[in-house]
Amino acid sequence: MAAEDLVERRSIDVVPDDERHGTAFSQFTLWLGANLQITAVVTGALAVVFGGDVVWSLVGLVLGNLLGGAVMALHSAQGPKLGLPQMIQSRAQFGVKGAVVPLLLVILMYVGFFASGSVLAGQATAELTHTNDTTGIILFAAVTAVMAAVGYRVIHALGRVASVICALAFVYLGIRLVDRVDVGALFGDAHFDLPMFLLAVSLSASWQLAFGPYVADYSRYLPRTTSGKATFWWTLSGSAIGSQWSMTFGVLVAASAGDAFLANQVGYVVGLGGTGLIASFLYFVIALGKLTINVLNTYGGFMSMVTSISGFRGQKVLGARGRAAYIAVIMVAGTAVALLGKDSFLASFKDFLLFLLTFFTPWSAINLVDYYLISRERYDIPALFDPHGRYGAWRWDALLVYGVGLLAQLPFLVTHFYTGPLVDPLGGADISWIVGLVVPAVLYWALARRNPPVPGGGPRAERGVSPTADDTTGAVT
């Protein structure tokens, strides 16, 4: 393949049929590789660190990964059908300009995950390069930016490599862990505690739901004839298996190692594996796993920034220089946050995950109800780029529902800096993400069925009935 074919040319524009390629199985390897990594290990460990036992933490993590993974996989199935990045589709619900409201929060998410991933990967990179953590973070961020700039093909190639190498490493680490600790004793101390169980569910569900705003970015090049069911199941299986594998390892490590793990997550995991060449290999695996997910975060952040700005500028196509500039902004912002927060990573990561979940569950609910139940998988694609078209500039009803969805979660939310008034009656359990899915889904379904959009964004007429047009500008039916 020529170098010019490797570097992606598309950004937020529709991928035409003659550029589509790959199979639904590519979603399995990408999401398996993206989830076999150290931050997922830390996320699983948090279920024990904050008071859960091994057995019910694992059960809760499985449930959250399946529920949250099903939601994100439903977003993934949109990619082959529409050939569009995920957040462009939000314009059908919120308006061409109104979509900027959830997009701003999505960009914040990408910067946060870039930063948190760079902290742990920077430690591994520093060990490999015999430098300090600051230098490791900067080197890792630079490599991430370059790969994100190359784009879609290299991202999937990276996922294929990471899925194999990281899987082998986790098998080896699992064997070492089982050989070192009394697993039977860990599983024997089971005591169900509802708040801790729901915390485990929320941790893994939030992990999966956070992929929702960009998951279709990585399925949009699949041929239009690709089965939606196949895309859904390969995405769900890759993401759920990878994350549960990592989180299970994290639960067992946290339950057996305690403070030794909390003091230095990367160092403890590598020390578990061995020394010398084995340690160097494991540092490489940690950096590779984080590189895979951080490239996704950088690429997704770039797409979201372009979507936000183009809604006001009317821009559809982005040149190489513009692409590099957007990616550089994500890299610099994420690196700055990583350097500032590298000494307090674990303390703030749980709250970061659960706080993000508050903003993205209403968005997911609205997007999925609109796509599958209201529009029936049919959008007027040219109107997604026209503020005077079918979807209008601002969809105030959808924005209102989104706001209600946010507010409805607050009484049930548990974070370090805020606890809702209905948390104590529930025994300290955080069920805000369930409320954030159900309330806006029901409200949006009721409103959208009564008032579908018309050109100009005023009172509405039936949506999704535009005839099929050409690959780059037409409606998808």
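Helices are DSSP runs of H or I with at least four residues, and strands are runs of E with at least two, numbered from the N terminus. This is a predicted model, so local features need pLDDT of at least 70 and side-chain atom pairs count only at pLDDT 80 or more, while totals for chains, interfaces and linings use all residues. Residues are numbered from 1 along each chain as its sequence is written, and side-chain values use heavy atoms, with hydrogens and water left out.

**Nonpolar core**

- The largest nonpolar core holds 135 residues. Such a core is a set of buried Ala, Val, Leu, Ile, Met, Phe, Trp, Tyr and Cys residues joined through side-chain atoms within 4.5 Å.
- Buried means under 20% relative accessible area, exposed means over 50%, and partly exposed lies in between (1.4 Å probe, protein chains only).
- Trp31, Phe249, Phe261 and Leu296 have the most contacts inside this core. Helix H15 (residues 277-313) gives the most to it, with 16 residues.
- Trp31 touches Met72, Phe211, Tyr214, Val215, Tyr218, Thr235, Gly238, Ser239 and Leu296, leaving aside residues up to four places away in sequence. Contact here means heavy atoms within 4.5 Å.

**Surface patch**

- Phe355, Leu407, Leu410, Phe417 and Tyr418 make a nonpolar surface patch of about 470 Å².
- Patch residues have over 30% relative accessible area and no salt bridge; like charges are joined within 9 Å, and nonpolar side chains (Val, Leu, Ile, Met, Phe, Trp, Tyr) within 5 Å. Accessible areas come from the Shrake-Rupley method with a 1.4 Å probe, and for residues only the protein chains shown count as cover.
- Phe355 sits in helix H17 (residues 345-374). Its relative accessibility is 31%, so Phe355 counts as partly exposed.

**Salt bridges**

- The count comes to five salt bridges. Each needs a side-chain nitrogen of Lys or Arg within 4 Å of a carboxyl oxygen of Asp or Glu.
- Asp17 and Arg224 meet in one of them, at 3.1 Å from N to O. Asp17 lies in the loop between H1 and H2, and Arg224 in the loop between helix H11 (194-209) and helix H12 (228-257), so the pair ties together parts 207 residues apart in sequence. Asp17 is partly exposed at 33%, and Arg224 is partly exposed at 30%.
- Arg9 pairs with Glu19, with the closest N and O atoms 3.4 Å apart. Both lie in the loop between helix H1 (3-6) and helix H2 (25-35), so this pair ties together parts 10 residues apart in sequence. Arg9 is exposed at 61%, whereas Glu19 is partly exposed at 21%.
- Arg390 and Asp380 form another salt bridge (3.4 Å, N to O). Both lie in the loop between H17 and helix H18 (396-409). Arg390 is buried at 13%, and Asp380 is buried at 14%.

**Local features in loops**

- Asp53 lies in the loop between helix H3 (38-49) and helix H4 (54-76). Asp53 is buried, at 6% relative accessibility.
- A polar atom of the Asp53 side chain lies 3.1 Å from the backbone nitrogen of Val55.
- Asp53 also touches Val48, Asp189, Ala190 and His191, again leaving aside residues up to four places away in sequence.
- His130 is not a glycine, yet has a positive phi of about 55°. His130 sits in the loop between helix H7 (100-129) and helix H8 (133-150), and is exposed at 73%.
- Glu377, also not a glycine, has a positive phi of about 65°. Glu377 is in the loop between H17 and H18, and is partly exposed at 31%.

Note on methods:
Polar contact = N/O pair within 3.5 Å; in protein donor to acceptor, adjacent residues only side chain to side chain.
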